[in-house]
Amino acid sequence: MSGNGRSRSLGASLAASPSDQPAMCFDQATLAYDDRVVWSELSITVPRGEFLAVLGPNGSGKTSLLRALLGLAPLASGSLEVLGGPPRRGNPAIGYIPQHAGFDRDVPLRGRDLVGLGVDGHRWGFGRLSGEGRTRVEAALEAVAAGPYANEPIGRLSGGEQQRLRIAQALVGNPQLLLCDEPLASLDMRYQQEITELIGGWARDRRGTVVFVTHDVNPVLGYADRVVFVVNGRWAAGPTDEVLTSEKMSGLYDAPVEVLRVRGRIVVVG
Amino acid sequence: MIDQLLHLLPYAFVQDMLVAGVLVSIVAGLVSRFVVARNMSFAVHALAEVGFTGSAGFILIGLSPVLGLLTGSLVTAFFIGALGLRIRERDAVVGVVMAFGLGLGVLFITLYARYSLAFTILFGAITTVSQGDLMLLVAMAALTIVGLGVMYRPLTFATVDPVVAEARGVPVRLISILFLLLLAAAVAEAVQVVGVLLILTLLITPGATAERLTAQPGLATAASVGVALLATLGGILLALVTAVPVSFYVTTIAFVCYLAARLGAPALGRFRGNPTA
């Protein structure tokens, strides 16, 4: 976070102002379902405004890490703080972008309706969006340049268009922390770049914090401040160049693994 | 025929029936949108068929058949909710509960030994519902509408976008259970009009028709209620002046609406979703 010095000195006089606290802090955190340990004694602190890439093979607990942050998966031991407090369900300061699953062709929902659910879908009751809510929807649609197809049935849109609407849906609540669960899966290369730039650009412009789950680090290489790699219940965290090394990866996988850098891309060969 | 209708309309029982028809249609129109979106037609069938058992059982011990239907479908909803909410196991659980429930129904009808009664419950006849039960029906429908109104927005969110809804703090599991209970009440109400076997004509067809017409959720809900109203009120009025049961007319009107929407949808295509917010 730039301007750190200023907020530190302010922090000293105001005690702990909320934006002084890290966006998230896992401390010796262990997550388990029944008896199966997903990851254990995870310790990682992400300052506000940073971009964290969460890497690892399928089933290694990347999504569980997001569920812990969302307050949907309680820890077995250790502690977790999110935006200065314990994780809790429905925290309005957290935006969430799921994997692109694709809507049914005929689902009666337009792009703007999906974004509108991000404003008030969680509130009980019945009724149209407020005027202020509609203004926010328009602004969010504009921010991802989804205006031209916002009135189309969402099931008829391309994967990339649907993901743009997902980003608008997550940002319409003006979050401080954005959690992305494989938002690039099943998108082609061009859309992968567009979607990553929208998320990375938001983090840069708004000094937002991003936790980005992906099985391929390459699309986010230019954005990630640090990575955490989880596999078989073990983990390694730190700057990309320090974690994605042959030595570290071999240790995590408990098998000889080579990390190659080819034309600006990182390839893990095991 | 029109003269005959005008002659009948001033009667209190006809007016009560029409009021009940309007409320049941609103319930059916709202609920069928979610039944279609959540793929719950099999559950609707089970709720109705075990409702039949409840109805037969209550008549056997001298209680209200409407209340019996509500009890039967609520108990079924409870079992489905407790045994399986995940899609994967839901179908099997619904089938298991429905088969046993219907077996009990056979027993009750045999003990009562009046098969015309079975015909009435299976094929519906709002024209034979007693005055007291009609009032009960009106109260049940009004309560169901209130319940749906309270949970409409989070139910919509949890239906079209369950993963994000959960992340935003919507209690998706609780919503599933509450919807199942409201669905049980809606089934008990709609059965009074069209009967157990024809229940889907009010709890699927309106929602399926609306989906064909527009991608705007608010408009689709309005269209769904509209189709349910047209079919129910049209059916009741036509049945009053002819010798054919209500359910025949309701199913026919609903089916014609659906066909018209399917055939007309390509022409409407460019309007799909076009109207702004």
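What is the strand order of the open six-stranded sheet in chain A? Reading across, the order is β5-β6-β7-β3-β8-β9, and the pairing is mixed. Before I go on: this is a predicted model, where local features need pLDDT of at least 70, side-chain atom pairs count only at pLDDT 80 or more, and totals for chains, interfaces and linings use all residues. Residues are numbered from 1 along each chain as its sequence is written, while chains are lettered from A and ligands numbered from 1 in the order in which they are written.

Okay, some terms. Helices (H or I, at least four residues) and strands (E, at least two) are DSSP runs, numbered from the N terminus. Strands pair if DSSP finds at least two bridges between them.

One pair to look for is A:Leu52 with its bridge partner A:Val211 in β7(A).

Helix α2 (residues 62-69) of chain A packs on this sheet, touching β3, β6, β7 and β8 (226-231) of chain A. Touching, or contact, is when C-beta atoms, placed from the backbone, lie within 7 Å. α2 of chain A makes about 145 degrees with β7(A); such angles run from 0 to 180 degrees between N-to-C directions, with axes fitted to C-alpha atoms, for helices over the stretch in contact.

Now the domains of chain A, whose bounds come from an automatic or database assignment: domain 1 is 17-93 + 176-245, and domain 2 is 99-174. Their C-alpha centres lie 24 Å apart. Between them, 15 residues of domain 1 of chain A meet 12 residues of domain 2 of chain A. On the domain 1 side, α6(A) gives the most, with six residues.

Next, the two chains: the contact takes 27 residues from chain A and 29 residues from chain B. The largest share on the chain A side, five residues, belongs to helix α3 (residues 111-120) of chain A.

Last stop, chain B. Its own helix α3 has 16 of 20 residues buried, so α3(B) is largely enclosed by the rest of the structure. Buried means 20 or more other C-beta atoms, placed from the backbone, within 10 Å of the residue's own; exposed means 12 or fewer, and partly exposed is in between. And just after α3(B), B:Gly62 takes a positive phi of about 80 degrees.
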